[in-house]
Amino acid sequence: MSGARSPDRSEVEAVDPDVDLHVPAQRREWTAHRWVLPVIALGGMAGACARYALELWLPAGDGGMPWATFLTNISGCFLIGVLMVHVVEAGGAHPLVRPFLGVGLLGGYTTFSTYAVQTTTLLVDRQAYLAFTYLFGTLLAAMVAVVLGVYVARGVLLLRRRLSRHRRGSR
């Protein structure tokens, strides 16, 4: 080799600058979280399959309202509200629940990119009223769905806690 040298470890850019696998204490970072990506992938596959099934059940006709995508995104937003209460407020959830359900399942299930394409298609098809109704209706309904999911989950959580206290008090 003509003067070629291998780069010094300090010259090599780390893939993840927060974790240096050359440092033994930081190697545990990988072993502690090795199941996160496979769990996200499994959840994503399940979510995408559920979305596809809904698209088959409610196909959008030419120039019609894309109900399947609308219902997918709204129900996914409701479920993310429920999930966040379960994970954050109720506590005690397994560390892989949020990656599996939140990032994987609901990430694969909801499809805001398709929503954007369908809105654009409606505009190109000169259905401006339907396009803007779909555009703003989805945003409004999605936000309401998240809030509703949070309130429903908190109500269920409160009810469970009251029933638990009542059962303990009656013994």
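## Thr 72, a buried threonine

Thr 72 is buried, with a relative accessible area of 0%. Buried means under 20% relative accessible area, with exposed over 50% and partly exposed in between (1.4 Å probe, protein chains only). This is a predicted model: local features need pLDDT of at least 70, side-chain atom pairs count only at pLDDT 80 or more, and totals for chains, interfaces and linings use all residues. Residues are numbered from 1 along each chain as its sequence is written, and side-chain values use heavy atoms, with hydrogens and water left out.

Thr 72 sits in helix H3. A polar atom of its side chain lies 2.7 Å from the backbone oxygen of Ala 68. Not counting residues up to four places away in sequence, Thr 72 touches Arg 51, Leu 54, Tyr 109 and Thr 110. Contact here means heavy atoms within 4.5 Å.

## Overall fold

The protein chain has six helices and zero strands. Helices (H or I, at least four residues) and strands (E, at least two) are DSSP runs, numbered from the N terminus. Of the 171 residues in the protein chain, 25% count as buried. Among contacts between residues at least 6 apart in sequence, 69% join residues at least 24 apart.

## Nonpolar cores

The largest nonpolar core has 11 residues: Met 65, Phe 70, Ile 74, Cys 77, Tyr 115, Leu 122, Leu 130, Ala 131, Tyr 134, Ala 142 and Ala 145. Such a core is a set of buried Ala, Val, Leu, Ile, Met, Phe, Trp, Tyr and Cys residues joined through side-chain atoms within 4.5 Å. Helices H3 (67-90), H5 (112-124) and H6 (128-169) each give two or more residues to this core. H6 supplies the largest share, five residues. Apart from this core lies another, of six residues, among them Leu 54, Ala 68, Leu 83 and Tyr 109.

Tyr 115 belongs to the largest core. Leaving aside neighbours within four places in sequence, Tyr 115 is in contact with Thr 69, Asn 73, Tyr 134, Leu 135, Thr 138 and Leu 139.

## H3 against H5

H3 and H5 pack at an angle of about 145 degrees, their axes 10 Å apart. Axes are lines fitted to C-alpha atoms, for helices over the stretch in contact, and angles run from 0 to 180 degrees between N-to-C directions.

From H3, Thr 69, Asn 73 and Cys 77 meet Phe 112, Thr 114, Tyr 115 and Gln 118 of H5. The residues of this contact divide into three nonpolar, four polar and no charged. Ala, Val, Leu, Ile, Met, Phe, Trp, Tyr, Cys and Pro count as nonpolar, Asp, Glu, Lys and Arg as charged, and the others, Gly among them, as polar.

Notes. A polar contact is a pair of N or O atoms within 3.5 Å; within protein, one must be able to donate a hydrogen and the other to accept it, and residues adjacent in sequence count only if both atoms are side-chain atoms.
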